[in-house]
Amino acid sequence: EACPRTELIAGSDVRQDVLDRFGERYGVAQAHRYIDYRALLATERPEIVSIATQPEQRAEIILDAVEAGVRALYVEKPLCASVNEAYRIRDAVRANSVALNMGTNRRWQPGFHAMRTAIDGGAIGTLRTLVVYAAGTLFNTTSHWFDATQYLASDAPPVWAHAWLPGSEHLVVDDTVTDEPNASGAYGTQTGVTVHFLRSPRPNDIEAIGDHGAITAWGAGTSFTMRARPASGGAWTEGEFPTYAHTSSTLHLIEDLVGALDRGDDVTAGGIDVAVTNTELIFGFIESFRANGSLLMMPPEGSTARFHRSGFKARTPTFAT
Ligand SMILES: NC(=O)c1ccc[n+]([C@@H]2O[C@H](COP(=O)([O-])OP(=O)(O)OC[C@H]3O[C@@H](n4cnc5c(N)ncnc54)[C@H](O)[C@@H]3O)[C@@H](O)[C@H]2O)c1
């Protein structure tokens, strides 16, 4: 679904074949395809840039885009490859009033918005616990669930974290995370919500549990169910989850950026601060593991770990016909 307020004017990829496939698919003429993204920034002077490389390349490209005068950034998750990179991005984005949203889509998905509205409206009583059942890796997938749980807990700052990396212990070599680890663990928010990450074959189900009810987002938000105690008291029974529109979260994310440019203000749903918190949670888990799974106070400001996969190769994209 295209955003009527945006126009795709140029693209860049270091691989010529991928760049050409991209250009042909999305109607970007040869003259506006760039191997060198810096040439794109200098020549095209885009207002909005989307950065969908792997996280190891992202910080440098974001900083160059900000330096080149870009007004808004749609960056893929995870934000970058270390806490220090996240802080450098935050400083640059703030100093230049650049709007930034990270592609953790549930934050812009109407079903999760309805879930948060129901929680905030007291449908399950005071929120106490969030549980994520998933089997994905820390950077690629858990970054989504850190953000979804941040969002459901009203973006209350995390105050502690503890974690372990089951079967992935060998991937942390001194300061380097050499490949995508599996992670289990928990973090707690300033508002007293505890968020548990349980490695499980359940496909990205997220449960919000309050004093007198629970809401479950099934399969990354494919559907939602609610159980709660009636106002009159008694046992928890099946409740009616509010209806919501099935519209594109990516479109809403982009509209949020466009709205920020229209108003000359910041985005309303995401923003740099939640993207930085997301990075702090990723590295909070890693630093807790490095400290033998002990409880770590957040944020992990002294974190020296960096994600760097030496043997990683970009996949060859496939296109739906
Ligand atoms: N939000 C979502 O649901 C979602 C879904 C899929 C992927 N992602 C994220 O998107 C990112 C990319 O994922 P992918 O599977 O497409 O990765 P990929 O490795 O297949 O693609 C990355 C592309 O970036 C290009 N690239 C690398 N350095 C570059 C540079 N300096 N200039 C220009 N191009 C450069 C590579 O050649 C490659 O084509 C990851 O961070 C991933 O987590 C998010």
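This is a predicted model: local features need pLDDT of at least 70, side-chain atom pairs count only at pLDDT 80 or more; totals for chains, interfaces and linings use all residues.
Me: Let's start with helix 3. How many residues has it, and how far does it reach from its first C-alpha to its last?
Reply: Helix 3 has 13 residues and reaches 19 Å between those two atoms. That is close to the 18 Å expected at 1.5 Å a residue.

Me: Which residues of helix 3 are buried?
Reply: P55, E56, R58, A59, I61, I62, L63, A65 and V66 are buried.

Me: And what covers them?
Reply: The cover includes helix 2 (37–44), strand 3 (48–51), strand 4 (72–75), helix 4 and strand 17 (306–307).

Me: Helix 4 is on that list, then. At what angle do helix 3 and helix 4 pack?
Reply: At about 10°, with their axes 10 Å apart. That makes the two helices roughly parallel.

Me: Which residues make the contact?
Reply: Helix 3 brings A59, I62, L63 and V66, while helix 4 brings E85, R88, I89, A92 and V93. By class, the contact has seven nonpolar residues, two charged ones and no polar ones.

Me: What follows helix 3?
Reply: G69 does, and its phi is positive, near 95°.

Me: Switching topic: where is R107?
Reply: R107 is in the loop between strand 5 (99–102) and helix 5 (110–120).

Me: Is R107 buried or exposed?
Reply: R107 is buried, because its relative accessible area is 3%, under the 20% cut-off.

Me: What does its side chain reach?
Reply: The side chain of R107 reaches the backbone oxygen of A269 at 3.0 Å. Leaving aside neighbours within four places in sequence, R107 is in contact with D147, Q150, Y151, D155, A269, G270 and V274.

Me: Now helix 6, residues 138–152. How many of its residues are buried?
Reply: 14 of the 15 are buried, so helix 6 is largely enclosed by the rest of the structure.

Me: What span should helix 6 have, and how far apart are its end C-alpha atoms?
Reply: Its 15 residues should span 21 Å at 1.5 Å a residue, and the end C-alpha atoms are 19 Å apart, which agrees. Just after helix 6, S154 takes a positive phi of about 60°.

Me: How do helix 5 and helix 6 cross?
Reply: Their axes cross at roughly 35° and come within 9 Å. F112, H113, M115, R116 and I119 of helix 5 meet A148, Y151 and L152 of helix 6.

Me: And by class?
Reply: The contact of helix 5 with helix 6 has six nonpolar residues, one polar and one charged.

Key. Residues are numbered from 1 along each chain as its sequence is written. Side-chain values use heavy atoms; hydrogens and water are left out. Axes are lines fitted to C-alpha atoms, for helices over the stretch in contact, and angles run from 0 to 180 degrees between N-to-C directions. Helices (H or I, at least four residues) and strands (E, at least two) are DSSP runs, numbered from the N terminus. Angles under 35 degrees count as roughly parallel, over 145 as roughly antiparallel, 65 to 115 as roughly perpendicular and the rest as oblique. Contact means heavy atoms within 4.5 Å. Ala, Val, Leu, Ile, Met, Phe, Trp, Tyr, Cys and Pro count as nonpolar, Asp, Glu, Lys and Arg as charged, and the others, Gly among them, as polar. Buried means under 20% relative accessible area, exposed over 50%, partly exposed in between (1.4 Å probe, protein chains only). A polar contact is a pair of N or O atoms within 3.5 Å; within protein, one must be able to donate a hydrogen and the other to accept it, and residues adjacent in sequence count only if both atoms are side-chain atoms. The expected span of a helix is 1.5 Å times one less than its number of residues.
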